[in-house]
Amino acid sequence: MLELRPHHLLCTQGYSGKGYNEEFVENMNEVVDKLRNVPGFRVKIVCDSDNLCIHCPNMLGPNLCATQDKVAGFDRKTMEVFGIEEKEYVYSEIVEHIRSVATEEKMSYICSECSWYPISACRRNILNK
Ligand code: SF4
């Protein structure tokens, strides 16, 4: 099991090998491989720095991202839109739930301020387009 902040449930669905630096990408590769390929793999949702943040150059300290207000907003909206709580989930099950209720409007509401949103595969993968 590993810890994920709520909006990383969305980022991990679109990840395709690009990130902030080499360390970030190496860790992201390992994490995403487990999430996508280990049956029943569990994640603990935390509104805090998570297993991706700790290898990110934007993490300035415990629960402090260089774009803190922005990422806190992504987290809050992800929880609100998909009914996600700070607890454990089977990754494949929560992803299935997200994909079953996601719409273009919901994705745009959560993610329009993200610089990755126009270029990442997240939107396409989540909306199955
Ligand atoms: S530190 Fe900020 S930019 Fe880096 S992974 Fe965490 S939330 Fe994303």
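Visitor: Which residues are around the ligand?
Guide: Arg5, His8, Tyr20, Phe24, Cys53, Cys56, Asn58, Met59, Cys65 and Val71, each with a heavy atom within 4 Å of it. Residues are numbered from 1 along each chain as its sequence is written, and side-chain values use heavy atoms, without hydrogens and water. This is a predicted model, where local features need pLDDT of at least 70, side-chain atom pairs count only at pLDDT 80 or more, and totals for chains, interfaces and linings use all residues.

Visitor: How does that shell split by class?
Guide: It has 7 nonpolar, 2 polar and 1 charged residues. Here Ala, Val, Leu, Ile, Met, Phe, Trp, Tyr, Cys and Pro count as nonpolar, Asp, Glu, Lys and Arg as charged, and the others, Gly among them, as polar.

Visitor: New topic: what's the strand order in the open sheet?
Guide: E1-E2-E5, 3 strands with mixed pairing. Strands are DSSP runs of E, at least two residues, and two of them pair if DSSP finds at least two bridges between them.

Visitor: In which sense do E1 and E2 pair?
Guide: Parallel, over 3 bridges, with E2 covering residues 42-45. Leucine 4 has isoleucine 45 in E2 as its bridge partner.

Conventions. Helix = DSSP H or I, 4+ residues; strand = E, 2+ residues; numbered from the N terminus.
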